[in-house]
Structure formats: structure tokens, C-alpha cells
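Trainee: I have a model open and want to learn how to read it. Where do I start?

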Amino acid sequence: MPVLDRHFRRYDFEGDLEKALNRVDFFRIFHTMALRYGFEHFGVLQLANEHETSLLASRLLLHDLPAGLAETYDKRYRFNDSAFFKSFYKSTIPTVWRASDRPENGLREGSDFLDQIGFDMALSIPVHSVAGTRYVVLFLGDGEDIERDAHFEICYEANCAFDYYYRQVLANKAGMGLTPRETEILRWISYGKTASEIALIVSVSEHTVNSHTATILKKLDVVNRTQMVAKAIREQIIQ
Amino acid sequence: MTAQVHILLVDDDPAENVILSALMRKVASYAISLHYVETVDGALDFIRAAGVPLDMILMDNRLQPQADFRETVPELRRAGYIGPVGVISSSISDAYFQKIDDYGVDFRIDKAELDPTAIEFILQEYVKRDAGAGI
């Protein structure tokens, strides 16, 4: 992972971000951030084309919402129709949404995301990756309001955390070199071993093997294990 | 009906079992059976007995007589356990925790961060049984 020049690092909390390795680490970072600022939940939403209908559940890349909440929302409402969703295509300003002050936020009847999802307050922080793709870091809770300073701080922290999350987890890693562990797993795949067999051989969990395999697919820019092995041999990564 | 999952807690402090059991009961979307042993040997016996299909192992980082996860988790792997292993510690920002993957650990979590929401996320992430699927 590219390390930022020290000049760009600000404030202490980035120490945790530098150390974050996997989705659980970023869950911990966003979850504690939400709690620290008086929210209960967070979500990282991927924004695509405004007019492409998609479900809230499928846009949520990482979140700590109660199991099934987004799916229940999708059964009842269309996320694309909410004024909340539409606002992301009108402005990129971080916005506090409160159930108690709908008119100020331009929420119209029938498109009130907060009422639909069942929280009193939301903070939406539009962010983007270095590749230009857009996302929203969302915080939800039942608090009454957030102070100005806290609002500024959480926006900065969420931007930094998202940046690390993107580079570590979401970024397309095509063309990047394989780590020794990834090369080892690739070699065992080429010998015809299954994920559970490889897990036993290299002393990790099956989940870890699958996660490394997914990363190898991304890095080699291939779609399945057969193409992976073929390309690895062609490019002499393995013999 | 909620999905049934079996988690093994390995911790030399029985109080942690009491605390974690209470936390697990607050997780609404999974019916969690928390099994408890105090030592790595106890965990190895549990794995070898194979009476219960374990979905996850949560380990205290420091367990006597071993030093830390770098010694304990490879023992679980050598015994043939290929399910997820999470390490619980109050010092996960120590440098050696950057090497969890090399020692067969799936994730790390601070004791203070273990709440029902975190447990639910971890189960979604590693056990992948849909909550409410009735498995």
C-alpha cells in the first residue's frame, strides 16, 4: 500500500488507519467513529449512475446496520426515489439530516429516508476515491444534533478513513505484484488443491485462502481460477 | 428461526466467558452457542473431539504457557482447524499484530470494541449464514 508523505498526515488517529489490514479493521474504525460522535451506526455507500436503479443493500459496501434492516428497507421503498439519495447528485457538501427539520433539508412527503429507515438523525459525507468513483460515508443515530466542531472533525476523519479503506480494500489492484503468501496459494491452486486443502497445507483458515484467491484474481485481472493459473504460467509467476 | 452458530472462546479468565456470554445473548440475528475452554490444550481437545461443528474460535491473545497468538494459533491450525480464528486483546496496535495473517489469524479485535454489533458483523463476514435463514 502506498504510504503518504508525512506532510499530508494530520492528527493522531491516522495511526490506526496505517495499521488497518482487512474489513474487520475498517469496520472497527468506522464503528468506533460512529459511537464516538454520538451515532449508532455507519455505512459506506457506493454511488453509481443516479438513474440506475439499485438496492440500498447492494450499495452498502461496509456497514454495521442490524442484520436485515437494509433488505427490509428495500422490500418497502425505493432508495433511488428518496430525496436523501437524490441530494448526492445535487451537492457534495456533508449534510446533517434530522427527522425534526425536514423542510430545511427539502425532504418531501413520501421520500423521507430517515422515517423509512427508522432513525432520527443522519450525517452524510460524500467522498471519492483517487480513481474518481463516488461513495458516501453515512452515520445514523437517534441523537438530536451534532455540534459544529464535531461535525467538522467527523467529516475529516471519515474522509481519511475512507481513503485508507479504498486503497487497502476496494481499489482495483490489477498489475500489482503478488505477495509471497499469494504466490504460494496460487502454486497450490495450480496443483489442483481445493481451498480447504490449501488452508490445511499453509495453516490458515479457508476464509483467508478464499480472500487471497479473490485478491489474486483482481491483481492478475482474470475472472476465474483456470484463467488465473493459465495467466500465471504465461507470465512466469509460477512454473 | 435464527441461524445457529457455535463459537469456542479460549481464555484463561473465566470472567471473560461470563462477559462474552452476556454479549452473545444480545445478538438478535444469530442463536450463538458459546463454548468455553481455558487453555490451548483444551481447545485442541475440543477440536479433536469434533462433537460440535465449530464456526469460529475467539482466542485471548495471551494464554499460559504460550506467549501470544504467534504460538497459540499455529497449534490450532496444525490440529487441522481451518475455520476462522479471531484474537482478542487490549493491545492490538502493537507492531506484531500486523503479522496476524502469517500466523493463521483471521482478524483481531480489542476487548473494548467487542459489542453485539461487532459480533454480528464478524459472524456475517466469516460465518456467512444469512441471519433468519433458519439453518
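Trainee: Which residues have the most contacts inside the largest nonpolar core?

Mentor: Keep in mind that this is a predicted model. Its largest nonpolar core holds 100 residues. A161(A) and I57(B) have the most contacts inside that core.

Trainee: Which helix gives the most to this core?

Mentor: Helix α8 of chain A, residues 148-170, with eight residues. Domain 1 (7-169) and domain 2 (180-234) of chain A each supply at least three residues to the core.

Trainee: What does A161(A) touch?

Mentor: Skip its neighbours within four places in sequence. Then A161(A) is in contact with L17(A), I29(A), F30(A) and M33(A).

Trainee: Y166(A) is also in helix α8 of chain A. Is Y166(A) buried or exposed?

Mentor: Count C-beta atoms. The cut-off for buried is 20 or more others within 10 Å. Y166(A) has 20, so it is buried. Leaving out residues up to four places away in sequence, Y166(A) touches S129(A) and A171(A). Now take A131(A), 35 residues from Y166(A) along the chain. The two C-alpha atoms are 9.8 Å apart.

Trainee: How do I read chain A as a whole?

Mentor: Begin with its elements: twelve helices and five strands. Chain A has 239 residues, and 33% of them are buried. Then check contact range. Take contacts in chain A between residues at least 6 apart in sequence; 58% of these join residues at least 24 apart.

Trainee: How far apart are the C-alpha centres of the two domains of chain A, domain 1 and domain 2?

Mentor: They are 34 Å apart. Domain 1 covers 7-169 and domain 2 covers 180-234.

Trainee: Next, the interface. How is its size usually given?

Mentor: Often as the accessible area lost when the parts come together. Here, read the residue counts. Chain A puts 23 residues into the contact, and chain B puts in 27.

Trainee: Which elements of chain A give two or more residues to the side that touches chain B?

Mentor: α1 (14-19), α2 (23-36), α10 (195-202) and α11 (206-220). The largest share is from α2(A), with six residues. By type, the side of chain A that touches chain B has seven nonpolar, nine polar and seven charged residues.

Trainee: What does the record say about D60(B)?

Mentor: The UniProt entry is unreviewed, and it places "modified residue: 4-aspartylphosphate" at D60(B). Treat that as an annotation, then look at the site. D60(B) lies in strand β3 of chain B, residues 56-60.

Trainee: Why is D60(B) classed as buried?

Mentor: Because 20 other C-beta atoms lie within 10 Å of D60(B). Setting aside residues up to four places away in sequence, D60(B) touches V10(B), D11(B), D12(B), E16(B) and I88(B).

Trainee: How confident is the predictor in chain B?

Mentor: Chain B has an average pLDDT of 89, and 93% of its residues score at least 70. Strand β4 (residues 85-89) of chain B has the highest confidence, at 96. Helix α2 (residues 40-49) of chain B has the lowest, at a mean of 92.

Trainee: Where is the pLDDT in chain B below 50?

Mentor: Over residues 131-135 of chain B. Beyond near neighbours in sequence, that stretch has 13 contacts in the model.

Trainee: What scores does the predictor give the complex?

Mentor: An ipTM of 0.83 and a pTM of 0.85.

Conventions. Residues are numbered from 1 along each chain as its sequence is written. Chains are lettered from A and ligands numbered from 1 in the order in which they are written. This is a predicted model: local features need pLDDT of at least 70, side-chain atom pairs count only at pLDDT 80 or more; totals for chains, interfaces and linings use all residues. UniProt positions are given in the numbering used here, feature names are shortened, and annotations may be inferred rather than shown by experiment. Helices (H or I, at least four residues) and strands (E, at least two) are DSSP runs, numbered from the N terminus. A residue is buried if 20 or more other C-beta atoms lie within 10 Å of its own, exposed if 12 or fewer, and partly exposed in between; C-beta atoms are placed from the backbone. Two residues are in contact if their C-beta atoms, placed from the backbone, lie within 7 Å. A nonpolar core is a set of buried Ala, Val, Leu, Ile, Met, Phe, Trp, Tyr and Cys residues joined through C-beta atoms within 7 Å. Domain bounds come from an automatic or database domain assignment. Ala, Val, Leu, Ile, Met, Phe, Trp, Tyr, Cys and Pro count as nonpolar, Asp, Glu, Lys and Arg as charged, and the others, Gly among them, as polar. pLDDT is the predictor's confidence in each residue, from 0 to 100.
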